Amino acid sequence: MVELFGEWVVRDPGAVAVVCGEESLTYGELDERAGWLAGVLAGCGVGPESVVGVLLERSVDLVVALLGVLRAGGAYLLLDPSYPVERRAWMLADAGAVCVVSGGVLAGEVPGGVPVVEVGGGGLVVGSVLDGVLDPVVDGVVDRVVLDPVVVGSGGAAYVLYTSGSSGVPKGVVVSHGGFAGLVAGHRGLLGVGPGCRVAQFASAGFDTFGWEWSMALLTGAALVVVPQEERLGGELAVFLAREGVTHVTLPPGVLALLDEGDVDPGVVVVTAGEECPPEVMARWSRGRVMFNSYGPTETTVDATLWRCDPDAGEVLIGGPVFSTRVFVLDGSLEPVPPGVVGELYVAGDGLARGYLRRPGLTGERFVACPFGGVGERMYRTGDLARWTAQGRLVFAGRADDQVKVR
């Protein structure tokens, strides 16, 4: 991922990379700040396969933190500030995080004993939290030493994302760098993202859609534009998209349902993801504009299938596999089912996660041998039901278990 980002730093270091309110950074400035942070993290013992917690509000500093962790060779673990303190502490302990990148009031919420690198305020401070206050272990701001990117293979860990725990104890999904080449190819080839585009950053940090958004922008040469908390719904969101010249936005169906499609420029590419999209929402938004429906479990590199929405389709599809991905609809004996017959959806390819952090038994249960691939190839059992249409497109058909989504 660092190499994909670095290509655009070399091509156009002066291009705008990230915008949040009045603050913005060019690709060159973002690269420099990330390299500086990476040097500090390396001094804290961060390297390949190290997990680093990131506890920050959606901001320029958050993007700097993610790239800094990756540049140091580590894997980032995003800690949503809206999560209870106890859940964040559990995630840090379960992941064995080496340290946490945080800032401001949030830095004081990091569990005691976990090293903290505080960003913001013009510098970086390393310390630990005592009685809710960051106690620096160095005097003042850390020296500006830019670390060259640590080389990590495509199988190296890029991030750890915890599931909601709806089927038991939350589990950390380890996603590697390897799936992002295909993801970026899809962003460029299917969504038309590239230099001059402006991608809205809407999703909360605790969702994999966040990774979809920032990689869509920063690994293609586009700009990432952070949506303020107070402008995330209804008319305020439409005003923001117009004011900031957003060209690509990914929104849950529930947000689209509350937004008037006539208030959003028809040239804006809309992607809906995160939950099943109602047919009437799809039909309303896809008429006269480019719209996609994205499907992908946490256990893949964000996206597994994509469908260019058709207002006259009569139903909402999840389409076909994205780049470097294969999908299968199988019966209980792992045999393919014919079109029109519902079966369980399996995903294979470069975009698969490595598995569940420190849970080999569960990994082996869900990431099974793929009978349709080469030796050692795996496929992920999603637990979702689907069926093929006669035209070779997938339709989501619910869950294979009793799991439901509440609010």
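Trainee: Where does Thr 163 lie?
Mentor: Thr 163 is in the loop that joins strand 9 (157-162) and strand 10 (172-176). Keep in mind that this is a predicted model.

Trainee: What makes Thr 163 count as buried?
Mentor: Its relative accessibility is 12%. Buried means under 20%. Thr 163 therefore counts as buried.

Trainee: Which residues is Thr 163 in contact with, leaving aside neighbours within four places in sequence?
Mentor: Arg 87, Pro 170, Lys 171, Val 173 and Glu 299. Contact means heavy atoms within 4.5 Å.

Trainee: Next, Ser 176. Why is Ser 176 called buried?
Mentor: Ser 176 lies in strand 10. Its relative accessible area is 8%. The cut-off is under 20%, so Ser 176 is buried.

Trainee: What does Ser 176 touch, not counting residues up to four places away in sequence?
Mentor: Ser 176 touches Ser 154, Gly 155, Gly 156, Ala 157, Ala 158 and Arg 354. Ser 176 and Thr 301 are 125 residues apart in sequence, yet 8.1 Å apart in space, C-alpha to C-alpha.

Trainee: Which residues make the contact of helix 5 and helix 6?
Mentor: Helix 5 gives Phe 180, Leu 183 and His 187. Helix 6 gives Trp 212, Ser 215 and Met 216. By class, the contact of helix 5 with helix 6 has four nonpolar, two polar and no charged residues.

Trainee: What makes helix 6 mostly covered?
Mentor: Count its buried residues. Eleven of the eleven residues of helix 6 are buried. Among them are Asp 208, Glu 213, Trp 214 and Leu 218.

Trainee: Why are helix 1 and helix 2 called oblique to each other?
Mentor: Helix 1 (residues 2-11) and helix 2 (residues 27-43) have axes that cross at roughly 130° and come within 8 Å. Roughly perpendicular runs from 65 to 115 degrees, and roughly antiparallel needs over 145. Helix 1 and helix 2 are therefore oblique. The crossing of helix 1 and helix 2 is left-handed.

Trainee: Which residues meet there, and how do they divide by class?
Mentor: From helix 1 come Phe 5, Trp 8 and Val 9. They meet Tyr 27, Gly 28, Leu 30 and Asp 31 of helix 2. The contact of helix 1 with helix 2 has five nonpolar, one polar and one charged residues.

Trainee: Are Cys 44 and Cys 197 buried or partly exposed?
Mentor: Cys 44 has a relative accessible area of 24%, so Cys 44 is partly exposed. Cys 197 is at 13%, so Cys 197 counts as buried. The cut-off for buried is under 20%.

Trainee: What makes Gly 234 buried?
Mentor: Gly 234 is in helix 7 (residues 234-243). Its relative accessible area is 14%, and under 20% means buried. Not counting residues up to four places away in sequence, Gly 234 touches Leu 258 and Leu 259.

Trainee: Last, why is Glu 49 called partly exposed?
Mentor: Glu 49 is in the loop between helix 2 and strand 3 (51-55). Its relative accessible area is 43%. Buried is under 20% and exposed is over 50%, so Glu 49 is partly exposed. Phi of Glu 49 is near 75°, a positive value in a residue other than glycine.

Note on methods:
Residues numbered from 1 in each chain as written. Predicted model: local features only at pLDDT ≥ 70, side-chain atom pairs only at ≥ 80, totals over all residues. Heavy atoms only, no water. Helix = DSSP H or I, 4+ residues; strand = E, 2+ residues; numbered from the N terminus. Nonpolar A, V, L, I, M, F, W, Y, C, P; charged D, E, K, R; others polar. Buried < 20%, exposed > 50% of the residue type's maximum accessible area, 1.4 Å probe, protein only. Axes fitted to C-alpha atoms, helices over the stretch in contact; angles between N-to-C directions. Parallel < 35°, antiparallel > 145°, perpendicular 65-115°, else oblique. Left-handed = near helix turned anticlockwise from the far one by under 90°.
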